[in-house]
Amino acid sequence: MKKNPTGNKPIRIVAGQYRRTPISVPDDVPGLRPTPDRVRETLFNWLTHLWAGNYSDKQILDLFAGSGALGFEAASRGAGHVQMVEQDRRALAALRALRDKLQAQSVRVHAGDALQVLGRMDASRFDLVLLDPPFNQDWLPRLWPQLPGILTEDGLVYVESEAPLSPPPEFEVIRQDKAGAVHYGLMQFAALRK
C-alpha cells in the first residue's frame, strides 16, 4: 500500500478564515491521499463561481473525509454545515482534534462506513457531496445510485478517481480536469434540475 504523498509534512488550508492552517496527515492510514492544494483551489474556484461566492447556506457532505482537506476547506470558506464521514480511528481522531482546535462550529465528524451512513440518511439533503474514496476499490459504482436521494435540487457532486470519470448518464459533468494521476470533476444529477 502506497504511503500518502505528503509523508509526515502537513498540508495547508488554501483560503478562507482558516487559511494557512496546517492539516496533519497521519502516515499510517492505508490509502489516505489528501487532495493536493492545486486541485482544492481549482474545485473551490469552480464552486465560488457557481455559488456566487456564497457558502453560508450550503450543506456539505464529505463522505470519505480522510485528512479533512476538502471538508475543512469548505468550512474555511464559510459553509453553513460540513458533515465529515470517516471510518479509520486514527484519521477520525485527527479530524476531531483539528475541528476542536479551529473551534469550527459548522463541522460535524461522524464515524462510519460511507455506504452504511448513506443507507441511514434521513431527510438530509446536501448542496455538495464530496467523494474522494480510496482508489482501486470500486467505490463509485456502489455510490452513484445512493446520491440522488441526498442531493438538493441544485446539488453538486465532486469526485476524485484514479481513472477518467465515467458517471452514469443521468449525471451531467459540469467541470473536470486532471492533476498527475488524479482525475477530478464536478457534476450534477440532471433529473433534479428544473
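Start by selecting Tyr-158, which stands opposite Leu-186 in β9. You're looking at a predicted model, by the way. Now show the two strands around that spot: β7 (residues 151-161) and β9 (residues 182-189) run antiparallel, and six bridges join them.

Zoom out to the whole sheet. It is an open one of seven strands with mixed pairing, and the order to trace is β5-β4-β3-β6-β7-β9-β8. Colour β5 (107-111) and β8 (171-179) next: these are the edge strands, and each has a single partner, so one side of each is left without a neighbour in the sheet. As you step from strand to strand, expect neighbours to be turned by 15° against each other on average, direction ignored.

Next, bring in the helices. Select α2 (residues 69-76) and you'll see that it lies across β3 (59-62), β4 (81-86), β5, β6 (126-131) and β7. Its direction makes an angle of about 170° with β4. Then pick α3 (residues 89-102), which lies across β4 and β5 and runs at about 165° to β5.

Which residues of the largest nonpolar core touch the most other members? Select Leu-43, Leu-47, Phe-72, Leu-128 and Tyr-158, out of 39 residues in that core. To see where the core comes from, display α1, α2, β4, α3, β5, β6, β7 and β9, each of which supplies at least two of its residues. Centre on Phe-72 for a closer look: leaving out residues up to four places away in sequence, its contacts include Ile-13, Tyr-18, Ile-23, Met-84, Leu-95, Leu-98 and Val-107. Arg-99 is also among the residues it touches.

There is a second, separate core too, with 23 residues, including Trp-139, Leu-140, Val-157 and Val-159. Jump to Trp-139, in helix α5 (residues 139-143). Is this tryptophan buried or exposed? Trp-139 is buried, at a relative accessible area of 11%. Show what surrounds it: beyond residues up to four places away in sequence, Trp-139 touches Phe-64, Asp-113, Ala-114, Leu-115, Pro-133 and Pro-134.

Last stop: charges. The structure holds six salt bridges, and three of them are worth a click.

- Select Asp-37 and Arg-40, whose closest N and O atoms are 2.3 Å apart. Both sit in α1 (residues 37-50), three residues apart, or about one turn of the helix. Arg-40 is buried at 0% relative accessible area, whereas Asp-37 is partly exposed at 37%.
- Move to Asp-57 and Lys-58, which meet in a salt bridge at 3.7 Å, N to O. Here Asp-57 is partly exposed, at 46%, and Lys-58 counts as buried, at 13%.
- Then take Asp-88 and Arg-90, with their closest N and O atoms 2.6 Å apart. Asp-88 is buried at 14%, while Arg-90 counts as partly exposed at 29%.

To finish, select Asp-37, Arg-40, Glu-73 and Arg-77 together: salt bridges that share partners join these four into one network.

Terms used
Residues numbered from 1 in each chain as written. Predicted model: local features only at pLDDT ≥ 70, side-chain atom pairs only at ≥ 80, totals over all residues. Heavy atoms only, no water. Pairing = 2+ DSSP bridges. Helix = DSSP H or I, 4+ residues; strand = E, 2+ residues; numbered from the N terminus. Axes fitted to C-alpha atoms, helices over the stretch in contact; angles between N-to-C directions. Contact = heavy atoms within 4.5 Å. Buried < 20%, exposed > 50% of the residue type's maximum accessible area, 1.4 Å probe, protein only. Salt bridge = Lys/Arg side-chain N within 4 Å of Asp/Glu carboxyl O. Core = buried A, V, L, I, M, F, W, Y, C linked by side-chain atoms within 4.5 Å.
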